[in-house]
Amino acid sequence: PISTYVIQIGLKTLGFDPGEADGIDGKRTQAALDKSTAARFGSPAKAIAGGVDGYPPRPAASAAGKTKVFGRPGVKDGFTPPMAYFQPPYPMTFSWGGEVSKMGCHKLVDLPIQNALTELLETYGLGWIQSHGLDQYAGCYNPRKSRGGNSISDHSWAIAFDLAPDRKGNGNKEQWRATSEGRNGIAMPNEAVAIFRKHGFQVGFAVAPGVRRDRMHLAYVDRP
């Protein structure tokens, strides 16, 4: 993860005073980081991406790109990104069992997530959502490395969430081709993909032309 010291040096360079560059995440460092974020994007209610009020810019998929827009990633038993919590617009259950009473995410992607889920419900209805497993929620914030790799997961910034993890074709290593997209119970349906992309979320990861994996992964990033 990007160290607090490096962040402090960057803030000083940009003209925001975090105090002494000592590698300690204190109140002055957090205040300087908040001022830097506000200067770049305004308040979350005023940030604009793609002409939509309240949406932050979609960052590059690199750690530096995500940190530029959302601040530093969370650390287990340490720093947590600024979070927002809301009741999902339709009934959800956790993939490990239990009702979802609220969802949590980075405060800058709160509105895009709520809008995407609401549009899904208003357009296709609860029955359709349930038939595709899109009421099964597998979490958002989880400070860790990407599964099977050394890069920092999108989940560490709380800008990605997982839906329908048990649906065939949605697994982390399962590869899915565009020709089978959303057909015969395979992977997330095209209709849902279109809505999530409309609101800034990329679905899964490209592994070859027309082939993706980890179809359950919805991340607010500018990823192919």
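Are Asp154 and Arg223 buried or exposed? I looked this up first, and both Asp154 and Arg223 are buried. I took buried as under 20% relative accessible area, exposed as over 50% and partly exposed as in between, with a 1.4 Å probe and protein chains only.

**Ground rules.** I am reading a predicted model, in which local features need pLDDT of at least 70, side-chain atom pairs count only at pLDDT 80 or more, and totals for chains, interfaces and linings use all residues. Residues are numbered from 1 along each chain as its sequence is written, and side-chain values use heavy atoms, with hydrogens and water left out.

**Overall.** I noted five helices and 10 strands in the protein. Helices (H or I, at least four residues) and strands (E, at least two) are DSSP runs, numbered from the N terminus. Of the 224 residues, 46% are buried. The accessible surface comes to about 10,900 Å², and carbon and sulfur atoms hold 53% of it. Such areas come from the Shrake-Rupley method with a 1.4 Å probe, and for residues only the protein chains shown count as cover. I also looked at contacts, meaning heavy atoms within 4.5 Å. Among contacts with a separation of 6 or more, 55% are between residues 24 or more positions apart.

**Asp154.** I found Asp154 in the loop between strand E6 (136–137) and strand E7 (160–162). Its relative accessibility is 3%, so Asp154 counts as buried. Leaving aside neighbours within four places in sequence, I listed its contacts as Lys66, Ile159, Ala160, Phe205, His217, Ala219, Val221 and Arg223.

**Salt bridges.** I counted a salt bridge where a side-chain nitrogen of Lys or Arg is within 4 Å of a carboxyl oxygen of Asp or Glu. The count comes to four by this rule.

I looked up the pair of Asp154 and Lys66, and the closest N and O atoms of this salt bridge are 2.6 Å apart. Lys66 is in helix H3 (residues 63–70) and Asp154 in the loop between E6 and E7, so this pair ties together parts that are 88 residues apart in sequence. Lys66 is buried, because its relative accessible area is 2%.

Asp154 also forms a salt bridge with Arg223, with the closest N and O atoms 2.9 Å apart. Arg223 is in the segment after strand E10 (211–219), so its pairing with the E6–E7 loop ties together parts 69 residues apart in sequence. Through shared partners, salt bridges join Lys66, Asp154 and Arg223 into one network.

Another salt bridge I noted is that of Glu119 with Lys198, where the closest N and O atoms are 3.1 Å apart. Glu119 is in helix H4 (residues 110–131) and Lys198 in helix H5 (residues 190–198), so parts 79 residues apart in sequence are tied together. Lys198 counts as exposed, because its relative accessibility is 55%.

**Helix H5.** I checked the buried side of this helix. In H5, Ala192, Val193, Ile195 and Phe196 are buried. They cover an arc of only 165° around the axis, so they are on the same side of H5. The arc is that of the directions from the helix axis to the C-beta atoms. Just after H5, Gly200 takes a positive phi of about 100°.

**His155.** His155 is in the loop between E6 and E7. It is buried, because its relative accessible area is 3%. Not counting residues up to four places away in sequence, His155 touches several residues, including Cys140, Tyr141, Arg144, Phe161 and His217. The C-alpha atoms of His155 and Lys145, 10 residues apart along the chain, are separated by 8.8 Å.

**Cysteines.** How many disulfides are there? I counted zero, taking a disulfide as a pair of cysteine sulfur atoms within 2.5 Å. Cys105 is in no disulfide, and its nearest cysteine sulfur, that of Cys140, is 5.6 Å away. Cys105 counts as buried at 1% relative accessibility. Cys140 counts as buried at 5%.

**Surface patch.** I noted that Tyr5, Val6 and Ile9 form a nonpolar patch on the surface, with about 260 Å² of accessible area together. Patches are made of residues with over 30% relative accessible area and no salt bridge, joining like charges within 9 Å and nonpolar side chains (Val, Leu, Ile, Met, Phe, Trp, Tyr) within 5 Å. Tyr5 has its place in helix H1 (residues 4–14). Its relative accessible area is 44%, so Tyr5 is partly exposed.
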